[in-house]
Amino acid sequence: MTLKPKLLLGICGSIAAYKAADLCRRLMEAGFDVYPVLTDGARRFVTPELFESLSHHPIPSDLHAEPLWHTDMGMAFDVCVIAPASANTMARLAAGMADDLLLATLLVSKAPKVIVPAMNTGMWQNPLTQGNLERLVGLDY
């Protein structure tokens, strides 16, 4: 039996969080073993139970609930996808912050990262957001 590549699916607070459920399903159909992680903002739009039922993996509640999850799993991922990626999460990641489970896991992981921004057009066009994006791209993030 071949092992499926492990994929972190980071879901941030955005109305687009609803679309992450379909993305999770499609990634699994494409052959990935998907591990969803929801930010506090994402939990305002979607429930962990939805992603537990889709992925068949428990959804850690936060950084301190499972103290070693971010390090153990962070090193195990083959790819990390943040979809939707909010302006807030992009800014905090660009600053190297690790104050939630998603960010701490991303900082530990050496896996390639795919960021799928989703935000209001004004937020997207803001020079600060564009600067954060440039910083992340410059880091091969």
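Predicted model: local features only at pLDDT ≥ 70, side-chain atom pairs only at ≥ 80, totals over all residues.
Reader: Hi! Let's start with α4. How many of its eight residues are buried?
Author: Six of the eight are buried, so this helix, residues 87-94, is largely enclosed by the rest of the structure.

Reader: Nice. Which ones are they?
Author: In α4 the buried residues are A87, T89, M90, R92, L93 and A94.

Reader: And what do those buried residues pack against?
Author: Their partners include the strands β3 (79-85) and β4 (113-117). The helices α5 (101-108), α6 (121-125) and α7 (127-138) are also on that list.

Reader: What follows α4?
Author: G96 follows α4, and its phi is positive, near 75°.

Reader: OK, over to β3. How many of its seven residues are buried?
Author: Seven of the seven, and the strand is described as mostly covered.

Reader: Which strands does β3 pair with, and how do they run?
Author: β1 (residues 6-11) is joined to β3 by four bridges, and the two run parallel. Four bridges also join β3 to β4, again in parallel.

Reader: Does H57 count as buried or exposed?
Author: Buried, because its relative accessibility is 15% and the cut-off for buried is under 20%.

Reader: What does its side chain make a polar contact with?
Author: The side chain of H57 makes one with the side chain of D33, at 2.6 Å. Beyond its neighbours within four places in sequence, H57 is in contact with D33, V34, Y35 and E52.

Notes
Residues numbered from 1 in each chain as written. Heavy atoms only, no water. Buried < 20%, exposed > 50% of the residue type's maximum accessible area, 1.4 Å probe, protein only. Contact = heavy atoms within 4.5 Å. Pairing = 2+ DSSP bridges. Polar contact = N/O pair within 3.5 Å; in protein donor to acceptor, adjacent residues only side chain to side chain.
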